[in-house]
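This report describes the overall form of a protein model and then turns to selected residues. Please consult the sequence and coordinates alongside the text.

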Amino acid sequence: VATGAVQAEGSVGKITEPMRGSLKGLIDTQAPRGTRDFPPEELRLRNWLFGEFATVSRLFGFEQWDAPVLESEELFVRKAGEEITDQLYNFEDKGQRKMALRPELTPSLARLVLQRQKTLPLPAKWWAIGQCWRYERMTRGRRREHYQWNMDIIGVAGVEAEAELLAAITLFFERVGLSSKDVGIKVSSRKVLQSVLEQYNLPSDLFAKVCIIVDKIEKLPREQIEKELDAIGVPTETVQGVLSAMSIRSLEELEKLLGPNSEAVSDLKHLFNLASGYGYSDWLVFDPSVVRGLAYYTGTVFEGFDREGKLRAICGGGRYDRLLGTFGGDDLPCTGFGFGDAVIVELLKDKGILPEPKQKVDDLVLAMDESLRPQASGIASKLRKSGRSVELVLENKKMKWAFKHAEKCHADRLVLVGAEEWSRGCVSVKDLLKREQLEVPVNDL
Ligand SMILES: CC(=O)Nc1cnc2ccccc2c1
């Protein structure tokens with residue numbers, strides 16, 4: 001039989017469900033290639049991390065949004081040679097629709113903004129945590145999914161918006177135990193590159209492609225960058241002008257190159273001043289070689305990095321004032337960042353400050369005798385209604401087992417429902433922290 005199904009006894013010619021287990025052996029229990037499972041011990045850490053993302057977003061008064069992981073492919077098709085679109089997890093669905101699993105959240109955010117273009121109260125300050133996907137030949141063995149925290153501000157043209165986002169990022173780092181000695185944030189503006197390319201009269205339609213190539217400056221040898229720029233038609237003299245501009249390391253030098261009326265210089269000077277107001281100046285590093293690898297950035301760009309230089313970018317973001325226009329809408333000033341769930345965990349591990357959240361329950365309730373199960377269940381309900389987390393032992397276990405289990409789930413109290421105490425309207429409560437035992441009237445629980 002084609003499906004390898006085994007004819008069950010007595011059935012004639014009917015295709016039965018292929019037998020599992022004994023004949024075919026265990027199914028493959030691993031998560032699909034490049035993806036992760038989150039069993040409880042893993043999900044406790046993820047919940048802690050996402051909790052910190054959510055707390056910082058709340059502290060900044062941002063509103064949470066979400067959208068489907070599945071989007072129309074057209075939302076992500078860009079022609080700038082970005083890795084993120086080269087590796088789109090796309091497919092045709094059963095209706096022959098070209099679909100994709102989102103590789104990032106910003107295009108979906110733009111789609112939601114365009115739904116309400118005229119009526120969206122501005123500025124909008126939105127945050128999200130979403131799983132993002134890429135389809136990578138597993139030769140590189142890299143993951144195909146990660147979770148990304150995003151914060152975006154729509155409707156603020158000034159760098160006050162970027163200053164607020166950088167404040168959120170630095171507050172997050174401080175909250176999880178990192179200092180500006182561990183981590184910095186490289187800041188620049190794509191207007192630097194734009195001005196340089198204008199100085200050399202390079203056609204503006206090459207701008208996005210040049211950015212995507214220059215973004216690889218720290219990852220590839222100089223010759224390769226020169227070759228790739230040459231390959232898209234950037235004259236050698238312009239290439240050298242770009243590369244020397246990227247090596248500038250102070251705003252003073254930048255002003256010498258771009259002149260006193262440069263928008264890039266005034267934006268960045270203003271941003272660094274605002275940063276000192278917030279008190280996070282020592283986290284910032286001006287670095288014009290930072291352009292980020294997304295085609296749609298138009299202005300300020302920034303990325304968090306570990307000062308030891310061991311890890312890939314921790315987070316990154318920038319201004320994208322033209323994105324809405326590329327979807328046929330009216331442009332609005334937008335700026336935002338993405339913060340992945342992988343590098344930060346590696347960094348905290350390296351620093352020895354990765355939390356190990358443990359399983360936790362307030363009370364463990366045990367019926368001392370099966371005949372008291374209804375009473376024990378009632379106690380559990382009463383405690384749960386009062387807001388305490390309660391594990392009710394569901395089988396006929398002895399006290400010794402309950403003590404051991406209470407330790408495993410870090411219960412504060414072990415509540416024993418016994419016949420004698422019950423006859424007096426009480427239960428026995430063992431406070432496992434203070435190591436004392438009390439007989440407590442049920443009504444006082
Ligand atoms: C370190 C890591 O997991 N990076 C990662 C993993 N999956 C992705 C999926 C889509 C886009 C970017 C991604 C980035």
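## Contacts and overall form

Two residues are in contact when they have heavy atoms within 4.5 Å of each other. In this predicted model, 65% of the contacts between residues at least 6 apart in sequence join residues at least 24 apart.

The protein contains 15 helices and 16 strands. Its radius of gyration is 29 Å, well over the 22 Å that the globule rule gives for 445 residues, so the protein is more spread out than a compact globule. Along the principal axes, the C-alpha atoms fill a box of roughly 90 × 70 × 45 Å.

## Burial and surface

Of the 445 residues, 47% count as buried. The accessible surface of the protein amounts to about 22,800 Å², and carbon and sulfur atoms account for 52% of that area.

A nonpolar patch on the surface is formed by Met 368, Met 399 and Phe 403, which together have about 210 Å² of accessible area. Met 368 lies in the loop between β12 (361-367) and α13 (373-385). This residue counts as partly exposed because its relative accessibility is 32%, between the limits of 20% and 50%.

Gln 148 belongs to strand β6 (residues 145-154). With a relative accessible area of 13%, Gln 148 is buried, since the cut-off for burial is under 20%.

The side chain of Gln 148 makes a polar contact of 2.8 Å with the side chain of Asn 150. Beyond its neighbours within four places in sequence, Gln 148 is in contact with Leu 105, Ala 128, Ile 129, Gly 130, Cys 132, Gly 338, Phe 339 and Gly 340.

Terms used. Residues numbered from 1 in each chain as written. Predicted model: local features only at pLDDT ≥ 70, side-chain atom pairs only at ≥ 80, totals over all residues. Heavy atoms only, no water. Patch = residues over 30% accessible without salt bridge, like charges linked within 9 Å, V, L, I, M, F, W, Y side chains within 5 Å. Areas by Shrake-Rupley, 256 points an atom, 1.4 Å probe, with all protein chains shown as cover. Salt bridge = Lys/Arg side-chain N within 4 Å of Asp/Glu carboxyl O. Helix = DSSP H or I, 4+ residues; strand = E, 2+ residues; numbered from the N terminus. Buried < 20%, exposed > 50% of the residue type's maximum accessible area, 1.4 Å probe, protein only. Rg over C-alpha atoms; globule rule 2.2 N^0.38 Å. Polar contact = N/O pair within 3.5 Å; in protein donor to acceptor, adjacent residues only side chain to side chain.
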